[in-house]
Amino acid sequence: MMTTVGAVRSGSPTDTTTTTTRALLACGVVAGPLYMAVVVIQALARDDFDLMRHPASLLSNGDLGWVQIATFVVSGLLTIACAVGMWRVLRPGRGGTWGPLLVGVYGAGLIAAGVFVADPADGFPPGTPPGPSGTVTWHGAMHFVVAAIAFLALIAACFVFARRFARLGQRGWAAYCVTTGVIFFAAFAGIASGSSASALNVAFAVAVVLGWTWVSVMAARLMTEEASGG
């Protein structure tokens, strides 16, 4: 009889809810590493692409552009799934509304960045004249807009989580979130200025890595909270 009761409990709605939430958060853990791995592989494999000069968005152009487009879309979907998992863990507590919402906006922005392809520029793909794009297409302009919204949403999410951790007395986690948000904002501001300096391109690439790492770390952290019951 005790075995029967245990079987019923193991299949209870609460167990199912926890499993679903952890699966959603796991999507956030893998989204960043997946995105970064595919970008690095493309950067090494595609002719004339240089991470010192070219943003990853330019990989959406050319015969193999579909790889980066798919990477944007898949990573965005995984991030949105993670945002749902965050909402399930945090609601109705601190940061339970704006934190997941902003992470979800970041995911939606990634999908939109795949739909609206960036314009070729600075010699990529091969055959493109060096320097900035001479003309800006409508989809190139939209790519910049949706990317800006996505990045700003992720930066804001860092500060929402920082506030949550600060109120919980977890100063180390709060400092980590603030540091990530500040670095990402500074790098994004540099790129948004229109400068094509290699140092800014590298700084922005590093900031993107830090941003994706933050998403993975926050998802893993919330998985731990879910497992421990908060």
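Me: What share of the residues is buried?
Reply: Of the 230 residues in the chain, 42% count as buried.

Me: And the fold, how many helices and how many strands?
Reply: Seven helices and zero strands. From the N terminus the order reads α-α-α-α-α-α-α.

Me: What share of the contacts joins residues at least 24 apart?
Reply: Take contacts between residues at least 6 apart in sequence. Of those, 70% join residues at least 24 apart.

Me: Confidence next. What is the mean pLDDT of the chain?
Reply: The mean is 89. A pLDDT of 70 or more is reached by 90% of the residues. Over residues 1-11, though, pLDDT is below 50. Beyond near neighbours in sequence, that stretch has three contacts in the model.

Me: How should I treat a stretch with low pLDDT?
Reply: Where pLDDT is low, the predicted coordinates should not be read in detail.

Me: Salt bridges. How many?
Reply: The count comes to four. One of them pairs Arg 164 with Glu 225, at 2.9 Å from N to O.

Me: Which parts does that pair tie together?
Reply: Arg 164 lies in helix 5 and Glu 225 in helix 7, residues 198-228. So the pair ties together parts 61 residues apart in sequence.

Me: Are those two buried or exposed?
Reply: Arg 164 is buried, because its relative accessibility is 8% and the cut-off for buried is under 20%. Glu 225 has 10%, so it is buried too.

Me: Which other partner does Glu 225 have in a salt bridge?
Reply: Arg 221. The closest N and O atoms of Glu 225 and Arg 221 are 3.4 Å apart. The two sit four residues apart in helix 7, so about one helical turn separates them.

Me: What else does Arg 221 touch through its side chain?
Reply: Gln 170. A polar contact of 2.9 Å joins the two side chains. Gln 170 lies in the loop between helix 5 and helix 6, residues 171-192. Leaving aside neighbours within four places in sequence, Gln 170 is in contact with Phe 165 and Arg 221. Gln 170 is partly exposed, with a relative accessible area of 24%.

Me: Back to charges. Which residues are linked in a salt-bridge network?
Reply: Asp 50, Arg 53 and Asp 122. The side chains of Arg 53 and Asp 50 meet at 3.6 Å, N to O.

Me: How accessible are Arg 53 and Asp 50?
Reply: Arg 53 has a relative accessible area of 33%, so it counts as partly exposed. Asp 50 is partly exposed as well, at 28%.

Me: And Asp 122, where is it?
Reply: Asp 122 lies in the loop between helix 4 and helix 5. At 22% relative accessibility, Asp 122 is partly exposed. Its backbone stands out: phi is positive, about 50°, although Asp 122 is not a glycine.

Me: What is phi at Asp 48?
Reply: Phi of Asp 48 is near 70°, again positive in a residue other than glycine. Asp 48 sits in the loop between helix 2, residues 13-45, and helix 3. Its relative accessibility is 48%, so Asp 48 is partly exposed.

Me: What about the peptide bond from Arg 91 to Pro 92, cis or trans?
Reply: Cis, with omega near 0°. Pro 92 is in the loop between helix 3, residues 65-90, and helix 4, residues 98-115. Phe 124 and Pro 125 are also joined by a cis peptide bond, with omega about 0°. Pro 125 is in the loop between helix 4 and helix 5.

Me: Last topic, the surface. Which residues form a nonpolar patch?
Reply: Trp 138, Met 142, Phe 144, Val 145 and Ile 149. Together they have about 520 Å² of accessible area.

Me: Where does Ile 149 sit?
Reply: Ile 149 is in helix 5, residues 138-167. Its relative accessibility is 47%, so Ile 149 counts as partly exposed. Patch residues need over 30%, so Ile 149 clears that cut-off at 47%.

Terms used:
Residues numbered from 1 in each chain as written. Predicted model: local features only at pLDDT ≥ 70, side-chain atom pairs only at ≥ 80, totals over all residues. Heavy atoms only, no water. Patch = residues over 30% accessible without salt bridge, like charges linked within 9 Å, V, L, I, M, F, W, Y side chains within 5 Å. Areas by Shrake-Rupley, 256 points an atom, 1.4 Å probe, with all protein chains shown as cover. Buried < 20%, exposed > 50% of the residue type's maximum accessible area, 1.4 Å probe, protein only. pLDDT = per-residue confidence, 0-100. Contact = heavy atoms within 4.5 Å. Polar contact = N/O pair within 3.5 Å; in protein donor to acceptor, adjacent residues only side chain to side chain.
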